[in-house]
Amino acid sequence: MRCEDLVSIIIDYLEDSMDPAFKEEFERHMGDCSSCLAFFETYKKTRDLTKEIKCDDIPPDVQDRVRAFLKKKISQA
Ligand SMILES: [Zn+2]
């Protein structure tokens, strides 16, 4: 699994609508990749936060920000 793959399926993981085999790969990648782990934590936190203020979805600008953060992390690695 590549970092881009993880980012694109992160919603499925959080919604628990992911194939169990895929889920295992997802978790394995996060165990090996601190960038993705950081991204996941940020994403989850943001999601929980937006849930609290009763937003249905993460605002696009926040999504862009976390994506930009991850891209920067990857390019630094
Ligand atoms: Zn990664």
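This is a predicted model: local features need pLDDT of at least 70, side-chain atom pairs count only at pLDDT 80 or more; totals for chains, interfaces and linings use all residues.

User: What word describes how α1 and α2 are oriented to each other?

Analyst: Angles over 145 degrees count as roughly antiparallel, and 65 to 115 degrees as roughly perpendicular. The angle here is roughly 125 degrees, and α1 and α2 are therefore oblique to each other. The crossing of α1 past α2 is left-handed.

User: Which residues of α1 and α2 meet?

Analyst: Contact means heavy atoms within 4.5 Å. From α1, the residues are Cys-3, Leu-6, Ile-9, Ile-10 and Tyr-13; from α2, they are Phe-22, Lys-23, Phe-26, Glu-27, His-29 and Met-30.

User: Which atoms coordinate the zinc ion?

Analyst: Cys-3 (SG), His-29 (NE2), Cys-33 (SG) and Cys-36 (SG) coordinate the zinc ion, at 2.0 to 2.4 Å. Along the chain, these donors follow the spacing C-x25-H-x3-C-x2-C.

User: Why is the arrangement of the four donor atoms around the zinc ion called tetrahedral?

Analyst: Four donors count as tetrahedral if all angles lie between 85 and 135 degrees. Around the zinc ion the four donor atoms subtend angles of 102 to 115 degrees, so the arrangement is tetrahedral.

User: Where is Asp-16 found, and what is the value of its phi?

Analyst: Most residues other than glycine have a negative phi. Asp-16 lies in the loop between α1 and α2, and its phi is positive, near 60 degrees.

Terms used
Residues are numbered from 1 along each chain as its sequence is written. Side-chain values use heavy atoms; hydrogens and water are left out. Axes are lines fitted to C-alpha atoms, for helices over the stretch in contact, and angles run from 0 to 180 degrees between N-to-C directions. Helices (H or I, at least four residues) and strands (E, at least two) are DSSP runs, numbered from the N terminus. Angles under 35 degrees count as roughly parallel, over 145 as roughly antiparallel, 65 to 115 as roughly perpendicular and the rest as oblique. A crossing is left-handed if the near helix is turned anticlockwise from the far one by less than a right angle, and right-handed if clockwise. Donors are N, O and S atoms within 2.8 Å of the metal (3.2 Å for Na, K and Ca); water is not among the atoms, so sites may look incomplete. Four donors count as tetrahedral if all angles lie between 85 and 135 degrees; four count as square planar and six as octahedral if opposite donors are over 155 degrees apart and all others between 65 and 115; anything else is irregular.
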